[in-house]
Amino acid sequence: MKTDFREIKSFFYSQYFSDGIRMSIGILFPSLLLMQFNHFDIGITMSLGALCICTIDSPGPLYHKRNSMAIGNLCLFVVAVITGFARLNVFTLGLEITVFSFLFSMFIVYGNRAASVGTCALLIMIFMMDKDAKPNEVLNISLIVLAGGVWYLIFSLIFFGIRPYRAAQQTLGENIADIARFIRIKADFYLSDTDIDENYRKLVSQQIKVSQHQDAVREILFKSRIMAKESTNPSRVLVLTFVDLVDMYEQIMATSYDYNRIREKFGPTGVLKQIADLLQEMGDELDNIAYMVLSNTRSKHKPDFNTGLEKLKLRIDEIGAGDQAVSNIALKKILINLRDLNERIKSIFGYYNSKSYEALQEKNDNYEYSKFVTHQDYAPHIFFDNLSLSSATFKHALRVALVCLIGFTTAKFIALGHHSYWVLLTIIVILKPGFSLSKQRNYQRLIGTIAGGVIGIAILLFIPNKTVEFILLVVLMIGTYSFLRLNYVVSVILMTPYVLILFKFLGVGQVVEERIIDTLIGSTIAFIASYLIFPSWEFELIQENLADVLHANTRYLAKITESILGKDVTPTEYKLTRKDVYVKSANLSAAFERMTSEPKSKQRKVKDVHKFVVLNHILSSYIATIASAVTTKAIHKSAAENLKLLKRSIAVLNDSNKKLGGQVTEVGSSKTLTANVETEPKAVSADDLLLKDQLGFINKISTDIARVTESIVS
């Protein structure tokens, strides 16, 4: 119960709730203020502009928000003016809807934030198309809409300017909680009653969330001048925490073994249950730290797993001493990883309880942070290069344009009332580049609208008091925007009654039946169109994802090989390669998840792709295990036999990547990089045996990947 209560409190400290508060105030304020001066109609129009601009207000660096919302306001005004005149004739309006739907849907080629600018423009087009305005009023109304958009831009910048570190804290806290869940899933592998295949499915699904939040943190920390360049105490704490968090994630990835073999060997000893319990406790401690970061508080409770680790060490030693035939090297390596995790957790905890700026400065991390974030290219040629049927974005934009035209035509003949824009609004919200995303959003929109409609009717029938209704309107509005990115179904469930109450205040009357039917019409059109009009299936693109992740893992393995051969591989270079593996792996996992939600007839080679996803995760984990030893100088020299295994694995992976149409990874010449090759025979240590065993397993996994790849491309 205590944990559940803290999860609820964490939500109120999260960026999601913060977004809900900010957006609700930004939208409501103009209407409430101008209502006091008997200009409620102007206030509503300003709120409309604020509502459109708030779609751009997603997490990210402040200057990205500022620039994108400024461009959004320009689009807002231009589209409002054009729509105001185009709506005077049904044919010109139909032409505008078709052209603008295509044009602004193409914005996705410049990334998610540019895509949100396109959505903002389409929203004002939809809202303006049914607005009763005479030609001489269009410019004034458009200026009022622009004023609302500019108001929201200023308000949002002030909101973030007051607490410049808060957004980074919230995103970082959520990332820590994601990694805590990742640890718990890893812990389940050591329990005998856990289905390994199903647990891998959970793991790769959680990996997507971890990767998405890590990208969000990188964007905020390393693209913000105040974070990356100004050495203030709060910014230093945030950057150090994130750097340690990514290293910790690698340590968690490195605790991956042949779990069937481990269970067979050590299951009866009870040691695996001890490992699982320790990992669960570490996950709980990370949750404590996540809450501490989210709530911006300090905890006096200091994490200490030394007792548990010591008990585990004694048990592992007993196993080694009691049965000479059973090697406990793998267990010792797990113990080392757990100790490293413990140190990382204590280190992060220490950042938030250190009052000394000098102590934080002692932590040396000379990384070039700008290299860890992607930089979007906004060159015009990117737009024009995608004007081809070979571009998925072009096909998506064309689909949106055609479907919006169909929706507009249908609404003119079938829509029940004066809010036919709901049909187009539903289409714009539902249609996504991929079929699976459109299908998921369609389902969420329908369920949310129907459930929300029932709630809205109940409120209007049984709560006649206008003050209570207004309070509910505000609460529902905050909830709508709080859950918009967190849980879309909940967001729509809350949105529908808030819209119905709003229409009652505007004197429009009972519109619940109209809203539900228009949503059904829009959903049906969008669903049929996503299946028939330039459909985008994951199997058409999956080979590109497979090739990308294989290339990333091969480069990761090549860096280790070069390091062992004597080449100086910098920490930044190594971490960039590691980041590429995690990002590409998350992209592949996300593509596979989308693939499994598509029609069965379109799920081609889905079992083989699933095998590839799992094998890729195992490969990444084993490479991370060796990389950890290399970077901490645990491996100074390596036998020629080990290097042969490494190069053989790289050759097999390169060959597989060729079949997928991917890039080949080159390794430095062994003629010039031979300083760290062990040529003289020496006594074989336990670490040498484990390294050889791990490299042999990597070679086996590489061969398995080659077989699965052959099956996929055949």
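Which residue lies over the face of Tyr488? Arg441 does, at 3.8 Å from the ring centre. A charge is counted over a ring if NZ of Lys or CZ of Arg is within 6 Å of the ring centre and within 35 degrees of the ring normal. The model is predicted, so local features need pLDDT of at least 70 and side-chain atom pairs count only at pLDDT 80 or more, while totals for chains, interfaces and linings use all residues. Residues are numbered from 1 along each chain as its sequence is written, and side-chain values use heavy atoms, with hydrogens and water left out.

The search of the whole structure finds 24 aromatic pairs. Rings of Phe, Tyr and Trp (its six-membered ring) pair if their centres lie within 6.5 Å; planes under 30 degrees apart are stacked, over 60 edge-to-face, and the rest tilted. Phe189 and Tyr200 form a tilted pair, with 4.7 Å centre to centre and 55° between the planes. This pair links distant parts of the chain, 11 residues apart. Phe189 lies in the loop between helix H8 (166-188) and helix H9 (196-222), and Tyr200 lies in helix H9. Helices (H or I, at least four residues) are DSSP runs, numbered from the N terminus. Phe189 counts as buried because its relative accessibility is 0%. Tyr200 is also buried, at 4%. The classes are buried (under 20% relative accessible area), exposed (over 50%) and partly exposed (in between), for a 1.4 Å probe and protein chains only.

Ring pairs also link Phe29, Trp151, Tyr152, Phe155, Phe159 and Phe160 into a cluster. Arg22 lies over the face of one member, Phe159, at 5.5 Å from the ring centre.

Helix H18 (residues 392-414) has 23 residues. Its span from first C-alpha to last is 32 Å, close to the expected 33 Å. The expected span is 1.5 Å times one less than the number of residues. At the start of H18, a side-chain oxygen of Ser391 comes within 3.3 Å of the backbone nitrogen of Thr393.

Asp41 is in helix H3 (residues 40-53). Asp41 is exposed, at 54% relative accessible area. Its C-alpha is 7.9 Å from that of Ser31, 10 residues apart in sequence.

Most residues other than glycine have a negative phi. Phe534 has a positive phi, near 45°. Phe534 lies in the loop between helix H23 (512-532) and helix H24 (542-565), and is partly exposed at 29%. Lys605 has a positive phi of about 55°. Lys605 sits in the loop between helix H25 (571-596) and helix H26 (606-631), and is partly exposed at 34%.

Notes: Helices (H or I, at least four residues) and strands (E, at least two) are DSSP runs, numbered from the N terminus. A polar contact is a pair of N or O atoms within 3.5 Å; within protein, one must be able to donate a hydrogen and the other to accept it, and residues adjacent in sequence count only if both atoms are side-chain atoms.
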